[in-house]
Amino acid sequence: AGLRRANSVQASRPAPASMQSPAPPQPGQPGPLGGSRPSPGPVGRFPDQRPEVAPSDPGYTGTTAPPREERTGGVGGYSAAGSREDRVGHPPGPYPQASAAAPQPAVAPARQPPPPEEEEEEANSYDSDEATTLGALEFSLLYDQDNSSLQCTIIKAKGLKPMDSNGLADPYVKLHLLPGASKSNKLRTKTLRNTRNPIWNETLVYHGITDEDMQRKTLRISVCDEDKFGHNEFIGETRFSLKKLKPNQRKNFNICLERVIPMKRAGTTGSARGMALYEEEQVERIGDTEERGKILVSLMYSTQQGGLIVGIIRCVHLAAMDANGYSDPFVKLWLKPDMGKKAKHKTQIKKKTLNPEFNEEFFYDIKHSDLAKKSLDISVWDYDIGKSNDYIGGCQLGISAKGERLKHWYECLKNKDKKIERWHQLQNENHVSSD
């Protein structure tokens, strides 16, 4: 009998489920069979292999089944597929007849080790170990609602990752409002040389930030290393959703930088992260086409001078029209319907900028009662030598306008001798020649 049992066990080696198959046909059998009942899992996984074992020895069931199970389960070497479950399901050692309740305490410790390995592996794939070595950044944000500005004070960084051969770095901080055309809304601090603990204490200001912008935009803050001879290198970044900021309340931050690969190199990253960056780039492209920029305009009807004073203060986040990624913007005004040459005015041209500051005022000699019939056409242009100028965007103020544009015009008519400033979104509307 012993020889037959050994032969039978050897014959069953290739079949992973063989040790379990005799157990189900004997539900009424007491004693040893109880030991095999808690782990019927592998049998369910390989139902097609049951018949291979049964015909090998018709009388080989009942009390002889547990030793076969014990030898395969206890040794754990006969079945590669089932070995892990067998090891967990049955405690090692010569106790095949233990009751179903007895192995339970042993099962819990046996199952504990695998999860930490998986967690550790997952954590490593997200560069969690690097996050602590990139350094920390201290900064503060303030949304000045009255002046429509976002003030970003970059205070200092600590323990930045060494980027140069001397074990130091030449760090600077770059700000970018997402979504939006990249060059027009990027701001940066000065570069500090040979330090891993730079102190900037520098305030960078975004003008023309409205409540609507605060609800939908995210500020990306990147720390980079300036390289005189090669490409500037990315150290780490953080992102902050502006809707979490309360108006007119300064919020201080001290955060660890995260390693997110810059957008331009999306192709070299893992597929999931690369996809996220691709989507972000798509958002930015949409921003490029939709967002032509904003203009800050002041209106005042002067009773003393008997006319309308229009102030063109500044533009922000203009669309880039030149190959160098900038524009040479100027603003053109036209009070319509036509009043002849007196109806048109132009500002000076500001070279190579997407955030020009004009601070120019223009006067229209017109009766207050006539203003209700007029509309003011404002257009922003990119100056080009020797060819026609490029249209960047425009807006029209007047009684026939809508939203903020109508409101601004109405407030001007209602409040004589009071200067009223408003930001207006530039749009790619129908326009006339810039000449």
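Okay, let's start with a word: a residue is called buried when its relative accessible area is under 20%, exposed when that area is over 50%, and partly exposed in between, using a 1.4 Å probe and protein chains only. With that in hand, look at β1, where eight of the nine residues are buried, so call this strand mostly covered.

Quick housekeeping. This is a predicted model, where local features need pLDDT of at least 70 and side-chain atom pairs count only at pLDDT 80 or more, while totals for chains, interfaces and linings use all residues. Residues are numbered from 1 along each chain as its sequence is written, and side-chain values use heavy atoms, with hydrogens and water left out. When I say helix or strand, I mean a DSSP run (H or I over at least four residues for helices, E over at least two for strands), numbered from the N terminus. And strands pair if DSSP finds at least two bridges between them.

Back to β1. Which strands does β1 pair with? One is β2, antiparallel, over nine bridges; another is β8, residues 251–256, also antiparallel, over six bridges.

Now the cores. A nonpolar core is a set of buried Ala, Val, Leu, Ile, Met, Phe, Trp, Tyr and Cys residues joined through side-chain atoms within 4.5 Å. In soluble globular proteins, nonpolar side chains tend to be buried together. The largest core here has 30 residues, and L137, L141 and Y206 are among those with the most contacts inside it. Elements giving two or more residues to this core include β1, β2 and β3. What does Y206 touch? Leaving out residues up to four places away in sequence, the list includes S148, L150, L175, L219 and H317, where a contact means heavy atoms within 4.5 Å. There's also a second, separate core of 29 residues, including I295, V331, I392 and L413.

Next, an open sheet. Four antiparallel strands run in the order β13-β10-β9-β16. The average twist from one strand to the next is 25 degrees. Strand β10, residues 307–316, is joined to β13 by seven bridges, and L308 stands opposite Y364 there. Helix α12, residues 403–414, lies across β9, β10 and β16, at about 165 degrees to β16. For these angles, axes are lines fitted to C-alpha atoms (for helices, over the stretch in contact), and angles run from 0 to 180 degrees between N-to-C directions.

L178 and P179 are joined by a cis peptide bond, with omega about -10 degrees, and P179 sits in the loop between β3 and β4. The bond from K336 to P337 is cis too, with omega near -5 degrees; P337 is in the loop between β11 and β12. That loop also holds K342, which is exposed at 66%. N201, in strand β5, isn't a glycine but has a positive phi of about 50 degrees, and N201 is exposed at 54%. D417, another non-glycine, has a positive phi of about 60 degrees and is partly exposed at 43%.
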